[in-house]
Amino acid sequence: MYDIVIIGAGIAGSFIARELSRFKLKILIVDRQNDVGNETTEANSAIIHAGYDAMADQLKGKFNAPGNKMFDTICDELDVPFKRIGSLVLGFNEDDRKTIQNLYNNGLKNNVPDMRILEKDEILQMEPKLNEDVVCALYAPTAGIIGAWEFAIASVENAMDNGVELELETEVTGIEKENFGYRIYTNKGEKDTKYIINCAGVYADVINNMVTEPYFSITPRKGNYYVLDKGLDLVNHIIFLCPTDKGKGVIITPTVHGNILIGPDSEFVNDKDSTATDVSGLRYVKERALLSSKAIPFNKVIRTFAGLRAHSDRNDFIIEEAKGAKGFINVAGFESPGLSAIPAVAQYVVNIMQKLTGGLIYKDNFNPRRRKTVCFNLLSDEEKKDIIKKNPMYGNIICRCETVTEAEIVDAINRNCGARSVKAVKKRTRAGMGRCQGGFCSPRVMEILARELGKDWTDIPYDSTKSYILTEETKRNQQDNDSKMGG
Ligand SMILES: Cc1cc2nc3c(=O)[nH]c(=O)nc-3n(C[C@H](O)[C@H](O)[C@H](O)COP(=O)(O)OP(=O)(O)OC[C@H]3O[C@@H](n4cnc5c(N)ncnc54)[C@H](O)[C@@H]3O)c2cc1C
């Protein structure tokens, strides 16, 4: 019997699990995917918003700025890439200036520190590649960029280091109320628990409806993106256009790893699993981005992707014990700024749990720090020499685009919350993230995965469960072939 089962290992479930692992609780996280952070958490702008746009009377407004403040400590503890590079919302006319003033005023209400409204000269000094017809901008220096999926993976790894259990490829198919709490039915059997925290992203309404009357709905809203190659000197800050009724609008931003990210658009879709990119969305993103900078080299695109916002009919986060289901907590409608708000949201959920349980007891031995990962690419020549001497696998480069070594991949597989697919290795080490997008290193990554996990190559998936790359042997060794041919 578990004290708490968390459904969903996106950033909501992952970070809430990490915060609850401070307490003496038996906790299980289940996710239908074969890796942590495989849905919305891996397909977003990865911005830690300053917190000026959501209204102060919304949960989004309440949790964004306080969450933002907590990222320096959290990312240091969890060894997650995070950079406070600041954001600019650009204005090109008098209507935009009014919008920017409103954002500034709202930011003051939300306690966003150090914002300023800048005029043309200062903006172009800070960002010379922006279009010269810019007239003003809201500057928010506390906005930052993060490795979004690294944040989820690190949170679960740290939670597991502190005793939390993780079961992947475990899809919740039904839930029944029992006198002890809940019985959860999954494709891998039943789980009994006193409390449930529902962090199922775009499926949070479906999970809610397994225990109580429907009282909210989630409609996915898709956003398409371009990823540009590294080494482009385009922008140094997160560049927004003024928001529209569809959201914060198209951005241009550096990523923590030195690429440029451009997107998203915003279109409602019916299918909760529809993450295919679409031409019209990408075309719209391109048109809008060119309003900020005509210098964008779209011939340097190395990848496109799309993510789904879990938009609720309340147009806000839903973080509460579900109506009519005692001990069942929804963390739903968790669209942007979910990533930015999650540290503060997790504290709020801990407070809900404190009240429901009558008080949680701290562990004496909680360790907030995750063992650091080595990024060979960032080491000095001296450090590289030393580390190869200690472990020769650091001398074997597997991904040439991103300079990722065999030792880093082996470590990524063998940690808590270790990689089990080619994409899981990519998310942890960046092998396959470069210009060739895994064309060179994927077979070598598969080989290492198969060796470390004691599996056959044909059992190694690309990303989702059963997305096998190899299905059967097509060539046998020469002897087999000769004998087959009667030779
Ligand atoms: C286009 C876009 C841009 C965004 N940009 C930003 C940004 O810049 N900054 C920011 O702060 N926020 C941003 N967001 C929002 C942010 O990405 C989300 O708030 C956050 O990732 C949501 O995390 P989650 O854990 O709630 O959902 P998810 O990451 O989707 O996780 C839900 C998990 O539940 C699992 N699940 C679902 N059903 C079941 C089931 N039946 N059984 C078991 N498991 C199940 C899924 O497999 C999934 O892993 C953006 C979102 C989008 C789509």
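**Notes on the predicted model**

1. Overall size first. For 487 residues, a compact globule would have a radius of gyration near 23 Å, and the protein comes in at 23 Å, so the two agree. Bear in mind as you read on that this is a predicted model. Along the principal axes, the C-alpha trace spans about 80 × 60 × 45 Å.

2. On the make-up: the protein has 14 helices and 22 strands. Buried residues account for 49% of the 487. Taking contacts with a separation of 6 or more, 71% are between residues 24 or more positions apart.

3. Have a look at helix H6, which runs over residues 148–161. Its 14 residues reach 20 Å from first C-alpha to last, close to the 20 Å expected at 1.5 Å a residue. Of those 14 residues, 13 are buried, so H6 is largely enclosed by the rest of the structure. After H6 comes Gly163, with a positive phi near 105 degrees.

4. Now for Glu406, which sits in helix H11 (residues 406–414). Is Glu406 buried or exposed? It counts as buried, because it has 21 C-beta neighbours inside 10 Å and the cut-off for buried is 20 or more.

5. Who does Glu406 touch, once neighbours within four places in sequence are set aside? The contacts are Met393, Asn396, Ile398 and Ile448. As for Gly8, 398 residues away along the chain, its C-alpha is separated from that of Glu406 by 30 Å.

Methods. Residues numbered from 1 in each chain as written. Predicted model: local features only at pLDDT ≥ 70, side-chain atom pairs only at ≥ 80, totals over all residues. Helix = DSSP H or I, 4+ residues; strand = E, 2+ residues; numbered from the N terminus. Buried ≥ 20, exposed ≤ 12 C-beta atoms within 10 Å, placed from the backbone. Contact = placed C-beta atoms within 7 Å. Rg over C-alpha atoms; globule rule 2.2 N^0.38 Å. Expected span 1.5 Å × (residues − 1).
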